Amino acid sequence: MNTEILGVFLIFLLSVGLAWPLGKYIVKVFRGEKTWTDFLSPLERLIFKISGIDPNQPMDWKQNMKTLLGINVLFFVFAFLALAFQGSHPFWNPVNIGNWEPTLAFNTAVSFATNTNLQHYSGESGASYFTQLLVFCWLQFVSAGTGIAACALLFQGLKNRTGSNLGNFYNLMVKSCTRILLPLAVVLAVILMVNGTTANFEGLAEVTTLEGEIVQVAGGPTAPMVAIKQLGTNGGGYFGPNSTHPFENPNYLTNIAENVAILLIPMALVFAFGFFLNRKKLALMFFGVMTVLFITFTAVSVSEEIKGNPAIAAMGIATDQSNMEGKEVRFGAAASSLWGVSTTATSNGSVNSMHDSHTPLSGGIFMLDMFINAVYGGVGVGFINFFLFVIVAVFIAGQMIGRTPDLLGKKIEAREVKIAAMVVILHPLLILVGTAMSSYGIVQDPSLGWLKNPGFHGFSEMLYENTSASANNGSGFEGLGDNTPFWNILTGVIMLLARYIPIIGPLAIVGSLSVKNPVPATAGSLQLDSPAFATVLISVIVIVAALAFFPAMVLGPLAEYYTF
Amino acid sequence: MSDNNTSLFSAETFSQAVGQSFAKLNPVLMIKNPVMFTVEIGTAIMLVVTVLSGLSSHDSLGDLGYNAVITLILFLTVLFGNFAEAIAEARGKAQADTLRKTRRDTLAKLLNKDGSISETSSADLKKGDVFVAIAGDVIPADGEIIEGLASIDESAITGESAPVIREADTDRNSVIGGTKVLSDQIKVQVVTEPGESFLDKMISLVEGANRQKTPNEIALTILLASFTLIFLIVTVTLKPFADFANAPITIAALVSLFVCLIPTTIGGLLSSIGIAGMDRALRANIIAKSGKAVETAGDIDTLLLDKTGTITIGNRKATSFSHLEEISDKKFAELCVISSLADSTPEGKSIIELAKRQDITVAKESIGEALFIKFSAETRMSGVDLVDGRKIRKGAWDAISRWSENKDDLAKLEAKVTEIANNGGTPLALAVDRKALGVIQLEDIIKPGIQERFERLRKMGVKTVMVTGDNPLTAAFIAKKAGVDDFIAEAKPEDKMNYIKEEQRLGKLVAMMGDGTNDAPALAQADVGVAMNSGTQAAKEAANMVDLDSDPTKLLEVIEIGKQLLITRGNVTTFSIANDVAKYFAIVPALFAAAIPGLNALNIMNLSTPESAILSAVIFNAIIIPMLIPLALSGVKYRPVGASALLTRNLLVYGLGGVIVPFIGIKLIDLVVSLAL
């Protein structure tokens, strides 16, 4: 047991230790300074030359936003066509997998373009090599690149003394892919391959098991896909069972590597904020706030899982008390909990255990993590979400000390509060309305039959699905039959809104902040890096998440917990 | 004018406010306050539900009696919010009325174009009219003296009983309607149309008719509206959730949950906090031309203060005599007095006072028909030629040392002169018959307690700048002694203007006070410009506040009033939102306790029944509004302890307090309610 918990600490500390230097490196990339990866610049120049883009063109927030949205529409259209006509084109489809039903193609195209990777299809048996590599894997790079580039625009907007230029989205996005995601993915893929993650194009292999049965085992370019899936907080597995599958995540070592990869870039971007704006102390405070929540969540989840299922214990069956249902024996309960918290905190969504089978409170923690969606958060967008909470906290704290609130020397006024408030509302709106629609649907027509579990757990499954979509997470409480037109369209729309509005809103805020005249800091100004403000910030995060979702949590995980 | 200890509710304002609370139920007025407007809608829904539940017994409608009680409490919640606003307005109005009493209709002696004088009502005076006022008259309207001078009793407006002198063609040429001429005769030109004086503007601001929301208030309203929207979503979606869980909820419970969760406490008190801020300014005898000006005052980064009258008391004063050994203390002091007998400058008078304190007096008659020499810019000396032929001269050190012939003594005196200058004083030398005898030390007397006030300002983050006509050396010394952060020496009006512009370029907000016409551009440029009531009309037009007391230290108070306004709003908001935690723990278990018994574990307050739990939460939610009215009206005290310490303190009081208080309050109400049920 102690070894398990030691493993949890090891993974966390390793992530922090690697994120710090990575943060420094990311800032160099954002600033276009010299780095050891400069050998990739011919590749970037080629990309810009082919596409006819001037990567040095200064752009304000609106131009950047149009660019971001335009390019993402292209991603979506391409992905949708590739999926809907997967069986109709002759490329790289050795097992001859067919066309997709349109709502599933819509859902999946949105899912990968929005960095969500909610998978209503069934992994390796639904997607050809072409789809896996040139649709999924490619989108996993560029959707993560979109997030990181948006975050870089945000940093620049906060750094500007007075000026509308936020940088060039094309340039930042391409470099996020080539300089940040690609090198890290290569390193991680090699680690995984050395440890036995598959990387081949051999289609289905026939294997005779110990019992003498013949089973078909799917091969494929798993290692590189798993690498970017984790690093880019994508979470879409090559195989249906995701990182519980032995080909994706063969042993404890790969589990460490993948878990670190989940946390790495989201953590590094928090540090990068400090290096970019030269506000290291503030970045550490932000990191501290996130970490307090992260550690609390992990502690609850780990202790609940190790305590195990009281129903089983009551039957006198268990020898090992911990809840091992839906978990891999090679990882254990603690590492599964840490992964669960990591993957929901960062909007990654890959799993190494079945979240559905976690104890009610642990499952509730995963949802809470996604309600907040800013504890480190998804690559780039996590910090952007966090920034919204900062705006609200600064506004409240500023009033509490008798000054018109300012953030890094820029006054927060009605316009900024309005945008921040709208975006903060969006997340509960999508989750609660989505869950309400699905609850209403199943009450009116039980024959819809999505739910394999009745009662509170069934409610949790629907709540989790909507939350996962709105948090652009992508993991699921399996047990929900989600490949139906209803769920495909509902979650597809949720993912779209939940991805782009929370990017547009904060960038509109920094767009407006960046052109304001800075106000000087005085003894009467709010000190952002003080423990008092950290307390306000944590309270705002917890209260917004808790207050909006408390009734839903009560009817799902809490009702289940108390009636266990 | 004002009685600063007025109790929060007098009987008259109370009954006035009660009436207004009902008048304000008009939805057209309510919609300006989105939070309370939704409570009003909720009340209307509950009214319909109550009526329906009397007619049918459908499950989702609930019990008639219970519905009626909930409806009543929701209605009270709206009324309490309205009452908070109405009482703030009523208090402001009462304050304004005392001011207005001073402008009862009086007869004005209107000067016609042909030079004749006709009597007319003060209400008929128009801008540009000229009237005459003689001793004993009440001045009928605000105006500028165009001819003559008079001593005027302004106590009706300022509360200050000592009469003031107002004179044409000076910076002190303006008179206020309602004040009384004590002596002499003046011709005054009316400067405002009837009903448009500063006081009229201020009254309408306080009364609410023209009250516009300030920028921070608008931003806060948006935030509160968005919280309301979130809870609307939470409540509406809870219905299908509960249906799915087979735990149906009554409409009364849903509406109660909604009303308890939305920030009604701050919603109900928001405008009363704003009005109370204006009212506090008025009580400090400051007429603010807009609520925004008061709010901006709280954000001031830089404060420009005139040295004389603000930092130092009046003018320089003589504080000591030093002289050559060959002459006695008494003799030297007598010479000083004689030289100053005809000197009407404040410095000259202070020399006589200093000697008097040393029991040395010289009667003017005793020196006979002496010839007094006036100060001139060329000689830079003044003095007297006595009948016995002695010539006494007093003046700047360089002038006296040039005039004097005892060069050996000069060196001795020079040491003293340097010492005085180095200590921020001004040396004034005295010589008799071209022989320098000694030096008089003139000093600025720094107001007692002013250092503490500047320290307080520094902790608030406000930079203080002293503006003075002194030379840089003296200015630096006084600045250091008084504890100001910066100074402008040998200041000309345009120096103030430039300083303000430079500070504003750095993003700072600047406040200043002024009275003269040449201050007007700087007053207009400053973010908060406070004109002294004794100042010229131009200065008052340019400023966004007028200080009736003409007290230069009032700026410090203005800043604190502004900060207090923001702090009160911020902390009540925090309190209001923090309350939700307890309300959730009261209502949510109650909603589902029947269908999901396990959830009773969340009933950590151990409230007796689901009905009483919901009722207690709604009652708490309603009565917390009137309970906080005194806080809203008097404001949360501002403590200049530094931003982080202040935040920590307010977090503990209003944040943590906001979490804990409702747990206790709801539990207590539940104990009472469960007895009644």
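**Domains and sheet of chain B**

In this predicted model, the C-alpha centres of domain 1 and domain 3 of chain B are 42 Å apart.

Student: Which element gives the largest share of the side of domain 1 of chain B that touches domain 3 of chain B?

Tutor: The contact draws on 16 residues of domain 1 of chain B and 13 residues of domain 3 of chain B. On the domain 1 side, helix H7 (215-244), helix H9 (264-283) and helix H21 (554-592) of chain B each give two or more residues. The largest share, 6 residues, belongs to H21(B).

Student: How many nonpolar, polar and charged residues does that side of domain 1 of chain B have?

Tutor: The side in question is the one that touches domain 3 of chain B. Its residues divide by class into 9 nonpolar, 6 polar and 1 charged.

Student: Which are the edge strands of the open sheet in chain B?

Tutor: The sheet has 6 strands, paired antiparallel in the order E11-E16-E15-E14-E13-E12. An edge strand here pairs on one side only. The edge strands are E11 (317-323) and E12 (371-373) of chain B.

Student: What is the bridge partner of Leu428(B) in E16(B)?

Tutor: Strand E15 (residues 426-432) and strand E16 (residues 435-443) of chain B run antiparallel and are joined by 7 bridges. In E16(B), Leu428(B) is partnered by Ile440(B).

Student: At about what angle to E16(B) does helix H15 of chain B run?

Tutor: Helix H13 (residues 346-357) of chain B lies across E11 and E16, at about 65 degrees to E11(B). Helix H15 (residues 407-422) of chain B lies across E11, E15 and E16. Its angle to E16(B) is about 5 degrees.

Conventions. Residues are numbered from 1 along each chain as its sequence is written. Chains are lettered from A and ligands numbered from 1 in the order in which they are written. This is a predicted model: local features need pLDDT of at least 70, side-chain atom pairs count only at pLDDT 80 or more; totals for chains, interfaces and linings use all residues. Two strands pair if DSSP finds at least two bridges between them. Helices (H or I, at least four residues) and strands (E, at least two) are DSSP runs, numbered from the N terminus. Two residues are in contact if their C-beta atoms, placed from the backbone, lie within 7 Å. Axes are lines fitted to C-alpha atoms, for helices over the stretch in contact, and angles run from 0 to 180 degrees between N-to-C directions. Domain bounds come from an automatic or database domain assignment. Ala, Val, Leu, Ile, Met, Phe, Trp, Tyr, Cys and Pro count as nonpolar, Asp, Glu, Lys and Arg as charged, and the others, Gly among them, as polar.
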